[in-house]
Amino acid sequence: MPYSGAAVKTLTELHFDNRFARLGDVFSTEITPQPLEHPRLVVASEAAMALLDLDPAVAGDPLFTELFSGHKLWSTAEPRAMVYSGHQFGSYNPQLGDGRGLLLGQVINEAGEHWDLHLKGAGLTPYSRMGDGRAVLRSSIREFLASEHLHALGIPTSRALCVTGSDTPVYRERQERGAMLMRLAQSHVRFGHFEFFYYTKRHDELKKLLDHVVENHFSECLEHPEPYQAFFREVLERTAEMVARWQAYGFCHGVMNTDNMSILGITFDFGPYAFLDDFDARFICNHSDHAGRYSYENQVPIAHWNLAALAQALTPFIAIDQLRATMDLFLPIYEAAWLDLMRKRLGLQTAEESDKELIQRLLQLMQSSAIDYTRFFRELGDSPTEQALARLREDFLDIKVFDDWAATYRQRSEREGIDHEARRTRMHAANPKYILRNYLAQKAIEAAEAGDYGPVRELHQVLSRPYDEQPGMEHYAERPPEWGKHLEISCSS
Ligand code: AMP
Ligand code: MG
């Protein structure tokens with residue numbers, strides 16, 4: 001179908017331009033989605049539909065569910081399963097790939113952006129290994145909610161168009177129902193794609209992949225005298241800034257294997273993720289991560305480690321001393337970005353030498369008193385400084401240490417001016433009221449598993465405006481019940 005250029009499209013007007021398929025069969029394998037029985041729409045994101053210029057009304061069309069559950073296919077879609085490898089929990093796994101998802105096709109929107117349509121849970125592929133190629137409703141809803149919420153928080157991420165449920169049984173620890181997630185991203189290339197061609201010693205293909213990624217996603221690097229070097233630096237910078245945002249907002253990815261690291265520096269493939277409830281630097285969200293390799297505080301050194309794995313795969317094309325010099329930039333870039341975000345969370349507009357210490361002292365205090373990481377900052381901005389500190393003080397166990405910190409913070413804040421209204425607006429724009437807590441997702445999932453999609457849809461709506469006061473929705477901003485703090489989320493999905 002010719003590209004119409006219309007601002008609002010119907011489902012049949014999507015224009016496919018499958019650049020990854022054109023790279024050839026070495027990079028991906030042709031495959032058709034295997035549909036599930038009696039598909040139904042669980043939830044859709046209008047904001048994600050807009051990326052494809054889709055009219056929001058088309059979510060109500062039965063064709064929407066048929067297309068995004070693999071029952072019908074656009075004639076120009078060219079579905080493929082991608083091959084990659086990667087380091088999982090520190091060990092190299094030479095053969096991974098799209099084992100339960102596929103790249104349905106690549107759509108070009110009116111703004112000229114390419115968006116990959118990746119259908120997760122679409123059945124067996126040549127890379128399914130021992131798996132069944134399926135995804136369950138629970139994990140599809142979790143990824144959907146987090147994708148759209150992370151985006152609304154201002155954290156770069158893959159997006160989610162919709163979840164479809166079905167009657168097909170899928171067996172995990174218990175019998176569940178199969179579901180599919182329609183994921184969108186401007187690229188599905190992972191660090192592990194580069195590792196695959198590096199470790200199989202196919203440097204021609206590796207170069208082809210590298211050129212594809214640089215030309216299509218990092219074209220500004222082509223202006224640089226050493227484009228590959230500029231590309232690696234850009235990936236490192238984006239990754240450092242992304243992790244700074246995770247840390248600042250308490251997001252734990254859960255399974256930072258190199259096959260789950262996007263080359264675009266966006267949050268990607270987060271199965272057993274969590275947002276911190278109480279601040280805990282050692283928090284491990286993935287129940288299968290016994291050693292805590294991917295604990296909240298380890299996300300920073302692990303991102304650096306993962307970049308080293310990518311650097312290794314780029315050694316045929318970039319001098320090792322250049323790669324090393326770039327690797328050394330990671331921590332300074334990360335720290336500057338993190339400090340900037342944390343200052344904003346504290347309502348500080350200027351930078352002072354002692355800010356890092358002020359923030360670290362606060363985090364230690366929050367840790368020892370099990371303070372809710374989201375509510376603390378929102379409350380701090382809600383009332384004038386003095387009043388807010390007096391209220392928050394009640395939650396700390398060691399009042400004396402808190403008072404010492406509060407005295408420093410009070411003096412520091414005074415140097416920023418005293419206009420309360422301006423401070424509140426500024427702080428609320430940096431401190432979400434609503435955060436995707438595990439227990440909220442869990443309650444919505446239980447309702448969906450029982451056939452009621454209302455709670456998932458409402459939760460999605462609330463979380464897509466996390467910084468706004470939403471009258472009537474305050475119960476979503478409450479501290480979690482005790483049971484909700486100890487949910488066990490594993491890789492099994
Ligand atoms: P993940 O932990 O989701 O990042 O997946 C790691 C690897 O296992 C990827 O190659 C996935 O495609 C594959 N995989 C995960 N679950 C399944 C499944 N149910 N069936 C087939 N492959 C799977
Ligand atoms: Mg993965």
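This is a predicted model: local features need pLDDT of at least 70, side-chain atom pairs count only at pLDDT 80 or more; totals for chains, interfaces and linings use all residues.
Where is the place of E78? E78 sits in the loop between helix 3 (62-67) and strand 3 (80-82).

Residues are numbered from 1 along each chain as its sequence is written, chains are lettered from A and ligands numbered from 1 in the order in which they are written, and side-chain values use heavy atoms, with hydrogens and water left out.

Helices (H or I, at least four residues) and strands (E, at least two) are DSSP runs, numbered from the N terminus. For accessibility, buried means under 20% relative accessible area, exposed over 50%, and partly exposed in between (1.4 Å probe, protein chains only).

Back to the loops, then. Most residues other than glycine have a negative phi. E78 has a positive phi of about 55 degrees although it is not a glycine. Its relative accessible area is 42%, so E78 is partly exposed. H38 is also not a glycine, and its phi is positive, near 45 degrees. H38 belongs to the loop between strand 1 (28-30) and strand 2 (40-44). With a relative accessible area of 54%, H38 is exposed.

Next, the aromatic rings. How many aromatic pairs does the structure hold? The number is 27. Rings of Phe, Tyr and Trp (its six-membered ring) pair if their centres lie within 6.5 Å; planes under 30 degrees apart count as stacked, over 60 as edge-to-face and the rest as tilted.

One of these pairs is Y92 with Y199: the ring centres are 4.4 Å apart and the planes stand at 45 degrees, so the pair is tilted. Y92 lies in strand 5 (residues 91-93) and Y199 in helix 5 (residues 191-199), so this pair ties together parts that are 107 residues apart in sequence. Y92 is partly exposed, at 27% relative accessibility, and Y199 is partly exposed at 35%.

Another pair is F402 with W405. Their ring centres are 6.0 Å apart and their planes are at 35 degrees, so this pair is tilted. F402 and W405 are three residues apart in helix 14 (residues 399-414), which puts about one helical turn between them. Both F402 and W405 are buried. They belong to one aromatic cluster, together with F279, Y296, Y373, F376, F377, F396 and Y409.

A charge sits over a ring if NZ of Lys or CZ of Arg is within 6 Å of the ring centre and within 35 degrees of the ring normal. The charged end of R142 is over the ring of Y273, 4.2 Å from its centre. R345 lies over the face of Y373, 5.4 Å from the ring centre.

Buried or exposed, what does F377 count as? At 0% relative accessibility, F377 counts as buried. Contact means heavy atoms within 4.5 Å. Not counting residues up to four places away in sequence, F377 touches M342, R345, L346, L362, M366, M427 and N431.

Now the helix packing. Axes are lines fitted to C-alpha atoms, for helices over the stretch in contact, and angles run from 0 to 180 degrees between N-to-C directions. Helix 12 and helix 15 (residues 420-430) pack at about 160 degrees, with their axes 8 Å apart. That makes helix 12 roughly antiparallel to helix 15; angles under 35 degrees count as roughly parallel, over 145 as roughly antiparallel, 65 to 115 as roughly perpendicular and the rest as oblique. On the helix 12 side, the contact is made by F377, R378, L380, G381 and D382. Helix 15 contributes H420, R423, R424, M427 and H428.

The axes of helix 5 and helix 6 (residues 203-217) come within 7 Å and cross at roughly 160 degrees. Helix 5 is therefore roughly antiparallel to helix 6. Helix 5 makes this contact through H193, F194, F197 and Y198, and residues of helix 6 in it include H203, E205 and L206.

Last, T239 in helix 7 (residues 227-249). At 1% relative accessibility, T239 counts as buried. Leaving aside neighbours within four places in sequence, T239 is in contact with F191, M261, G265, A303 and L307.
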